[in-house]
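Please read these points with the sequence and the coordinates open beside you, and check each one against what you see.

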Amino acid sequence: MADSFDQIFIRAKQWLLSPISCRAPDWLIQVASSLLNIAALLGVFLTLFALISVLERKILGRMQNRYGPNRVGPFGLFQPVADGIKMLIKEDIVPARADKIVHFLAPVLIAATAILALGVIPYGRNMTPFIIDGGILFFFAVGSTTELAVFMAGWGSNNKFSMLGAMRAIAQMISYELPLIITVLPVVMIVGSLNPDKIVGAQSTYSLGFVPHWFVFTPWGATAFILFFVSGLVESNRTPFDVPEGESEIVAGHMTEYSGFKYATFFMAEYIGMFAISGLGVTLFLGGWHAPVHFLEFIPSYAWFFVKLSILLFIYIWLRGTLPRTRVDQIMNFAWKFMLPMAFTCVIAAAVWHYTGRGLRGWLWSLGVIAVVYVTLSILLDTRRKFAPRTYRFAE
Amino acid sequence: MSTVAFAGIAILTLAAALAAATLQKLMHAALSFAVMFVGISAFFFFLGAEFVGLVQIFVYIGAVAVLIVFTILLTRHDVGKVRGFNWSGVFVAVAVFGGLVWTISKTKSLSIVPQQIKPVTVQRIGELLMTNYVWPLQCVGVLLTAALIGALILVMEEKS
């Protein structure tokens with residue numbers, strides 16, 4: 001019974017494919033199966049996008065002691081529908097001096113790459129849409145294309161605010177891509193594979209029946225997860241790292257000259273990027289679709305995945321409601337002076353954990369390595385002694 | 001089916017390469033260059049060299065294309081201007097193509113039956129890099145670190 005619930009979507013797909021599976025040639029079945037996967041992915045994540053966009057406003061409203069959207073439908077739940085219609089019927093304005101083709105292609109490219117990255121994440125038992133041996137590498141390869149799309153948006157708009165926003169976005173994306181990828185390395189090293197399914201598989205066992213072997217429960221894993229999460233915040237341009245679109249400084253950054261549905265596409269790409277990076281975080285550190293306790297494995301695997309995903313998304317919203325925006329130079333300093341050394345430390349700590357036997361001893365040793373580096377860095381980077389009036393390089 | 005896929009990828013790659021060479025606006029040329037990189041990585045996927053294909057996207061689109069685009073942005077003031085036709089470029093292209101054709105035609109054709117090789121998985125590449133090719137890998141690492149430090153020294157603020 002539990003098994004049939006777990007595999008219900010796999011069965012559904014087989015049932016849908018059954019009319020053609022006996023007669024059609026192989027490639028047609030493959031194409032049909034891929035199309036089904038894509039349709040399912042788009043369906044699920046666009047619904048999640050709609051839901052999260054209203055939930056975010058509700059939660060932010062709660063945190064700021066106001067109601068949030070509550071006019072459309074019960075509890076304002078139909079707000080995304082109203083927003084979508086509004087976006088669709090808005091006038092699409094293209095600046096006269098804009099580079100028309102590049103201006104048009106930028107939102108297309110940014111949405112396409114965001115959705116592609118979703119394809120390699122295992123959503124449940126046997127539920128990886130596209131099984132690629134180097135799945136993790138695929139995720140980052142596709143993600144690195146976003147920078148070009150952001151640049152296209154900034155340059156194609158032919159607007160100073162757009163260009164400045166794009167420059168800021170690319171600068172922070174490139175800086176944080178490094179810690180993001182390096183924090184993934186320890187997991188890849190310990191599992192010995194770039195395949196997301198194998199990474200989830202490596203976290204499937206339990207100690208004493210109730211302590212899951214998720215990587216987040218090791219010192220290096222916990223550190224790597226926090227660094228990964230912060231880098232993910234930056235990569236998806238979320239508060240407190242939303243300088244590329246800081247409204248008070250540069251209007252909306254690279255999205256300034258976009259209106260109507262193109263703007264909505266950027267918005268969607270940002271959220272889908274957030275889902276993708278959180279999904280990868282769940283896969284790498286939080287045990288993927290495995291239950292936190294062994295006797296709860298009867299609950300379908302995809303449910304666990306989406307529960308964990310929702311928790312991470314809630315933390316994103318929580319941070320947005322809590323933290324003010326950081327300055328550009330603070331973001332950069334943080335990336336190069338703190339994030340990068342800590343990310344390298346995670347790699348070393350994981351190696352120490354592996355060679356001291358992956359048990360309690362390894363746990364303590366790797367904790368020691370991380371603690372030493374963390375304390376040293378905090379002493380070295382202590383800015384309290386250097387408080388002075390801020391100096392400006394390019395302004396009076 | 002595979003022939004159709006091959007033809008599709010080939011047409012995309014060649015069209016993008018042609019566009020990169022002939023488009024009037026420099027930025028458009030740079031962006032079609034990026035499309036050509038996608039085509040080449042699709043070829044790698046097509047040949048089963050997954051890792052190389054992914055690295056192609058990662059390095060060439062994520063880094064090299066962004067670098068090219070930034071170089072254009074930061075160094076040229078006439079980005080929007082339309083350029084004339086560049087005959088020396090044609091000469092260089094024809095010379096390189098001729099050279100390649102000549103070399104390929106001189107090379108003895110390989111035996112038709114392919115050797116049986118193990119599929120080039122990410123794991124195997126990793127093993128080889130960590131065993132047989134560990135010294136070259138370390139040397140590349142040192143070189144890149146030196147380049148990074150050099151770049152940092154170049155942009156370092158001068159304290160007055």
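This is a predicted model: local features need pLDDT of at least 70, side-chain atom pairs count only at pLDDT 80 or more; totals for chains, interfaces and linings use all residues.

1. Chain A contains 14 helices together with two strands. Its radius of gyration is 23 Å, close to the 21 Å that the globule rule gives for 396 residues, so chain A is as compact as a globular protein of that length. The C-alpha trace of chain A extends over about 65 × 60 × 45 Å along its principal axes.

2. Within chain A, 42% of the 396 residues count as buried. If one takes the contacts in chain A between residues at least 6 apart in sequence, 74% of them join residues that are at least 24 apart.

3. Chain B has six helices and zero strands, and its pattern, read along the sequence, is α-α-α-α-α-α. Of the 160 residues in chain B, 15% are buried, and among its contacts between residues at least 6 apart in sequence, 52% link residues at least 24 apart.

4. Where the two chains touch, chain A supplies 19 residues and chain B supplies 17 residues. On the side of chain A that touches chain B, helix α6 (residues 135–157) of chain A gives the most, with eleven residues. Sorted by class, that side of chain A has 13 nonpolar residues, four polar residues and two charged residues.

Note on methods. Residues are numbered from 1 along each chain as its sequence is written. Chains are lettered from A and ligands numbered from 1 in the order in which they are written. Helices (H or I, at least four residues) and strands (E, at least two) are DSSP runs, numbered from the N terminus. A residue is buried if 20 or more other C-beta atoms lie within 10 Å of its own, exposed if 12 or fewer, and partly exposed in between; C-beta atoms are placed from the backbone. Two residues are in contact if their C-beta atoms, placed from the backbone, lie within 7 Å. Ala, Val, Leu, Ile, Met, Phe, Trp, Tyr, Cys and Pro count as nonpolar, Asp, Glu, Lys and Arg as charged, and the others, Gly among them, as polar. The radius of gyration is taken over C-alpha atoms; the globule rule is 2.2 Å times the number of residues to the power 0.38.
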